[in-house]
Amino acid sequence: MTDDLKQAEEELRRAEEKLQEAREKAARAAEKAKAGVKPRPRPKKGKLAIDVQKLRFSYGSIEILKGFDLKVSQGETLGFVGPNGAGKTTSFSVIAGFLVPSGGEVRVLGRSPWDTEHLKGRLSVLPQDAQLIANVGIHGQLVFFAELLGFSGKAAEEEATRVLEMVGLAEHVKKFPGHLSHGMAKRTGLAQAFIGDPEVVLLDEPTAGLDPFAAKQIRDIIASMRGERTVVVSSHNLAEIQDICTDVALIHQGQIIKHGDIDTFTEKDNQLRIQIRGGVPPVTFFQGIETSGGVRNVEYEPHMGWMTVNLLPEAPPADEVIKMIVGRVFEIGLSLGEIQRGTSLEDVFFQLTGQGGHGAPGGHGAPGSYGTPGGYGGPGGYGGPGGYGTPPGSAGP
Amino acid sequence: MALPVNIQDTLIVTRFDYRNLVRSAPGVIFLVVYLFVVVQLGAISIDLIPVGASEPSPMCKLPTGSAPDRIKDKIQRSIPPFSNVSPQAWRYLECERPVVMSVFFLIALFVVPFLVLLLSFNQVAGYLHRRSIRYILPKTGRAELYLGLFLSNLKFFTVVSGAVTAAVTLGWLIVGRSLPLGTVLLFSAQIFAALWLSAVPLIAFMAMMAAAVGKPTGTFFLGVGFYLAVDIAGGLISRQTEYAKVLFYVIPLEVKYWFAYPSLGRFLGAAVLMLCYTVAYLAIGWGFLRRRNV
C-alpha cells in the first residue's frame, strides 16, 4: 500500500513537472509570437534538410573537398566524423555559406546557404574557430543575435537569458568574452546556435574543450532535439556521436566514404562483441558457438577478453544469440564483462580510414588486429594459422 | 521595389557595433587622439584671438611685408592645407571669416582624415580576422553587416567630431567675445559639415580596404600607406607635370579644400563628390566582400 502510494506520488510529481515544462514552452512560444518570431515547422519526413552535390573546395591548388554528395533528411541527427584535415570544418563552412565552393551545389532547406533572407532563423551554426566580439558582454551579444533573428526588446533579452541558462552560463551573463575560459566561450557559442528555434543546426565540435559535466549537458540538449530538428554534429569523440546521432557520415581525404544510419554503420544486427572475464575459454567453447545456427564465425582477442561473433543474415534475433552465449560462458565457469551489439563506431572509423587505433599492436578492430594471420581468429577464424591459442603477442602485427 | 538591404538589420548591426566600437582599442585611441589634437588646435586658435579685438579677422590687418605677414606668406606657400587653397579662398578665410577659426579649419581639414583612418581600419577587418562574422552571417546578410559597420563608424565619428567642434566653438565664443555670434555659429557649422563630409568617404575607403585585405594590421598599413603615397607622389610629380594632379582625385585629397571656398555651389559640389567617392568605395568593397571566404 505504501509502495503504491509512493509510486502514485512519484507519477504525480513527474506529471506536474511535465505540465510545468509544457506551460513554459507555451509561454515561450507566446512570447516569440508576440515578438514577431515565426514558429518553426516540424521536420517533414522524406524531405531533405541539406542537399550537397558534387561539392568541391580548394585553397589555391590544394583540393580540400573532392566532389562529394551528402543528403541529410529533415529530423536527422547526423554525426560528421573524419580524421584531422579530412575536410569536416571546410564542409561545415561551405554548407553554412562562409566559404565559396569551387564546384558543386549546396542547398539548405531548398535554398542556397547565401540566401540569408530565407534561411535567417532557420539555419544556425556553431563555427569551430570563431571568436566572440571582444568588447560587448556575452548577454549583450546574444541579445544582438536574437534581435537579428526577429526578437524585439524584452523578448530578445529573455531569449538571451534562456539560451545562457540552457548551456549553464546563467551566472555569467555579465561577463565579457575576455573573462571567459575556453569552455565558457564554447558554451556561449553554443548558446547563440540555440537562439530561436532553428530547423537546421550545424555544430562543429560542440563538446571539444568542455568538462565532462558541460559536455554531457550539451549532449543532452542535442539528444533532446533528435527527430524534432535537423542537427549535424562534427566531433572526434566517436562514442559521443554513437550516443547522440541517428546517422553518421564519414569523411576522409575530402570524400564521404560512408554514410548511413548508425545501426547499419556499426553493423548492430550483424555483430556481437562480448567480453569474457576470469580466464581464456577452451577451443570447444568457440567451436560450440560457431556451429550454432546463424553464426558466421567467432574471433577472440585474449588481451582484453573480447569475443566477436559475426552473424549471418538469417541469424536469430541478437538477443537470443546473446542469451545462448551468456549461458555457455557461465557453463564453463567464466564471467562476463561488457556486451556490445555491433562494432563500435571507433572500430569502423579505423577500418575505413585505414588508421591505427585499437588495431595498433595489442589492440582490436583495425586492420592487422585479431582477425589477421598471426592473430586470434585469422583466416579460418579461431584455430586458423596462428589463430586461437597462439602465444601472447598475437593480437595483430 | 524592395531595397537590396534589410534596413532594420543594418540598424541593429550599427547599434551593436557602436557599443563595440566605443570600447574597442581603435575607438578609444581615436577618441583620445582626436580630443588631444583637435582640442589643442582649437586652444591654439583661441589663444590667437587678440584681447579686445573688435575685427573679425585680425590677421587680415597685418601690415604688408611685416615679419608675421612674411611668415604667413611662407606658410601659405609651403604647408599643404594652406598651399592647396587658392588666393581667392584665402581672402575669404582671412577677411570674411574670423581668421583664427580659418586656421583651425584648414589644419583640421588636413589632420582629421588621418585620424579617421585610425578609427575605421578595424570596422570590417576585425570581424573577418577574428571570424566573429561567422556568428553573425547566418542571422543576417553580408550587405547588412557591411553597411551596418560602416554606419556605426560614421556614427561614432559624428558624435566625437560634433562634441569636439561644439566645445571649440564655445571656446571661441567665450574668449573672442568681439567675434560676431552669428558668423561664429555659421562658420562652426560649416567646419563641422566639411570635416564630416571629408570623413565619410575615408571611412568607406577603409571599409573597402578591410574587405579586400581581411586583416586589421594589413588594412591599417595598406590604407594609410596608400593615402600617404598618393599625397606624397601627387605632390612630387605634380611639380613636374600638371597632369599628375589627377592623382589627388584617386582619394578625396583635393576636393576637401573646396569646402573652404566662398561659394555655396562649390561646397555642395564637393559634398556631392564626397558622396560619390563614398558610394564608389563601398561598391568596390562590397565586390570584395560579397563572395569572399570568411
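Student: What makes the meeting of the Lys120(A) and Asp9(B) side chains a salt bridge?

Tutor: This is a predicted model, so the distance is computed from predicted coordinates. In it, the two side chains stand 2.4 Å apart, N to O. The cut-off is 4 Å, from a Lys or Arg side-chain nitrogen to a carboxyl oxygen of Asp or Glu. Lys120(A) and Asp9(B) are therefore called a salt bridge.

Student: How many salt bridges are there between chain B and chain A?

Tutor: The count is four. Polar contacts are counted too: 14 residue pairs across the interface, both residues at pLDDT 80 or more.

Student: Which elements of chain B give two or more residues to the side that touches chain A?

Tutor: They are α1 (7-23) and α8 (133-136) of chain B. α1(B) gives the most, with eight residues. By residue kind, that side of chain B has nine nonpolar, seven polar and twelve charged.

Student: How many residues are in contact across the interface?

Tutor: 28 residues of chain B touch 32 residues of chain A.

Student: What area is buried between chain B and chain A?

Tutor: About 3000 Å². Carbon and sulfur atoms give 59% of that. On chain B's part, Arg134(B), Tyr135(B) and Lys139(B) supply 28% of the area buried against chain A, more than any other three residues.

Student: Why is Glu76(A) called buried?

Tutor: Its relative accessible area is 9%. Buried means under 20%. The value of Glu76(A) falls under that cut-off, so Glu76(A) is buried.

Student: Where is Glu76(A) found, and what does Glu76(A) touch?

Tutor: Glu76(A) lies in the loop between β2 (62-73) and β3 (77-81) of chain A. Leaving aside residues up to four places away in sequence, its contacts include Arg229(A), Asp247(A) and His259(A).

Student: What share of chain A is buried?

Tutor: Buried residues make up 51% of its 397 residues. The chain holds twelve helices and 13 strands.

Student: Where is confidence highest and lowest among the helices named for chain A?

Tutor: Helix α4 (residues 138-148) of chain A is highest, at a mean of 96. Helix α12 (residues 345-353) of chain A is lowest, at 77. Over the whole of chain A the mean pLDDT is 83, and 86% of residues reach 70 or more.

Student: What is the pLDDT over residues 358-397 of chain A?

Tutor: Below 50. The stretch has 91 contacts in the model beyond near neighbours in sequence. Where pLDDT is low, the predicted coordinates should not be read in detail.

Terms used: Residues are numbered from 1 along each chain as its sequence is written. Chains are lettered from A and ligands numbered from 1 in the order in which they are written. Side-chain values use heavy atoms; hydrogens and water are left out. Contact means heavy atoms within 4.5 Å. Buried area is the accessible area (1.4 Å probe) that two parts lose on being put together, summed over both. A polar contact is a pair of N or O atoms within 3.5 Å; within protein, one must be able to donate a hydrogen and the other to accept it, and residues adjacent in sequence count only if both atoms are side-chain atoms. Helices (H or I, at least four residues) and strands (E, at least two) are DSSP runs, numbered from the N terminus. Ala, Val, Leu, Ile, Met, Phe, Trp, Tyr, Cys and Pro count as nonpolar, Asp, Glu, Lys and Arg as charged, and the others, Gly among them, as polar. pLDDT is the predictor's confidence in each residue, from 0 to 100. Buried means under 20% relative accessible area, exposed over 50%, partly exposed in between (1.4 Å probe, protein chains only).
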